Amino acid sequence: MISIIIPVYNEVESIGTLLSYLIDNSDTKNISEIIVVDGGSSDGTLEIVDDIVTSSDSEQREESYREANKYLIDTKFEKRNFTQTNVQLINSNKGRAKQLNLGAKHAKGNILYFLHADSIPPQHFDQLIISEVKKDNKAGCFRMQFDSNHWWLRLASWLTQFSWRACRGGDQSQFITKELFDEIGGYDESYIIYEDNILINQLYTRNQYVVINKKLKTSARLYRKNGVWKLQYHFWTIYIKQWFGASAEDLFAYYKKNVC
């Protein structure tokens with residue numbers, strides 16, 4: 001079964017919609033639990049997740065969910081059997097690698113699925129992941145599509161269908177068997193940023209990676225905030241710096257100075 005692990009930090013605008021989608025678009029026979037790992041949110045994220053976790057029946061949970069997400073526009077709510085899905089909320093020290101590792105530690109499934117709060121996987125994602133694992137593909141991701149019509153982001157999205165290492169990133173989500181994850185040692189917690197890529201590098205070295213030819217949709221909010229070309233330049237610079245041996249501290253310092 002799959003344990004879905006979602007690290008969050010002030011994700012009030014996306015976590016409710018994502019949890020709703022995951023519940024509606026997966027088979028409970030395939031999902032062991034959804035684990036939300038919070039790194040110290042202060043914007044209402046905890047209230048949204050906690051209402052779903054603690055409500056005692058499906059009608060109450062739906063009402064709690066609707067109330068917590070009343071700021072959303074054009075969101076359709078249908079009656080959902082929340083009681084069939086095990087949603088957990090775990091508190092963690094801030095740092096995505098730390099949050100991801102803690103979620104993995106609590107996971108009961110034999111497949112781990114790491115997902116960003118602003119990324120929506122394709123329909124039947126659970127079946128697609130299990131199908132690949134049955135083929136002995138122990139790790140991989142989905143293709144990606146940004147929620148933007150900018151020509152460069154459309155091109156970058158199109159390129160994610162290929163198996164080239166340079167086309168990978170955490171926004172595409174990451175599935176991996178728990179056995180392989182433990183063998184690698186999980187995410188390197190010395191990396192405040194780029195932790196997804198460090199794990200992916202390990203998987204490529206072991207020739208354990210597959211790209212599922214279905215599209216995950218992710219937010220281009222960071223590109224909208226910083227500008228497409230400016231942010232892309234900084235991402236390329238970080239990639240090259242790491243390629244030439246820059247430390248985790250150097251990468252974070254560069255990111256903090258130029259992107260945050």
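The largest cavity comes out at a volume of about 40 Å³. The model is a predicted one, and a search through the whole structure turns up two cavities of 30 Å³ or more. Lining the largest cavity are Pro7, Arg96, Leu100, Phe114, His116, Gly170, Ser173, Gln174, Tyr187 and Asp196. Sorted by class, that lining splits into four nonpolar, four polar and two charged residues.

Next comes the second largest cavity, with a volume of about 30 Å³. Helix 8 (residues 195-205) supplies the largest share of the lining of the second largest cavity, namely three residues. As for class, the lining of this second largest cavity has three nonpolar, four polar and one charged residues.

Helix 10 (residues 228-243) and helix 11 (residues 248-258) have axes that come within 10 Å and cross at roughly 170 degrees. With angles over 145 degrees counted as roughly antiparallel, that crossing makes helix 10 roughly antiparallel to helix 11. On the helix 10 side, the contact involves Lys230, Tyr233, His234, Phe235, Thr237, Ile238, Lys241 and Gln242. These meet Leu251, Tyr254, Tyr255 and Asn258 from helix 11. By class, the contact between helix 10 and helix 11 holds six nonpolar, four polar and two charged residues. Lys230 and Lys241, both in helix 10, count as charged.

Conventions: Residues are numbered from 1 along each chain as its sequence is written. This is a predicted model: local features need pLDDT of at least 70, side-chain atom pairs count only at pLDDT 80 or more; totals for chains, interfaces and linings use all residues. Side-chain values use heavy atoms; hydrogens and water are left out. Axes are lines fitted to C-alpha atoms, for helices over the stretch in contact, and angles run from 0 to 180 degrees between N-to-C directions. Helices (H or I, at least four residues) and strands (E, at least two) are DSSP runs, numbered from the N terminus. Angles under 35 degrees count as roughly parallel, over 145 as roughly antiparallel, 65 to 115 as roughly perpendicular and the rest as oblique. Contact means heavy atoms within 4.5 Å. On a 1 Å grid over the protein atoms alone, a cavity is a set of points where a 1.4 Å probe fits but cannot get out, and a pocket is an open set with protein on both sides within 12 Å along at least five of seven lines; lining residues have an atom within 4 Å of a point. Grid points are joined across faces, edges and corners, and a volume is the space filled by probe spheres set on the points.
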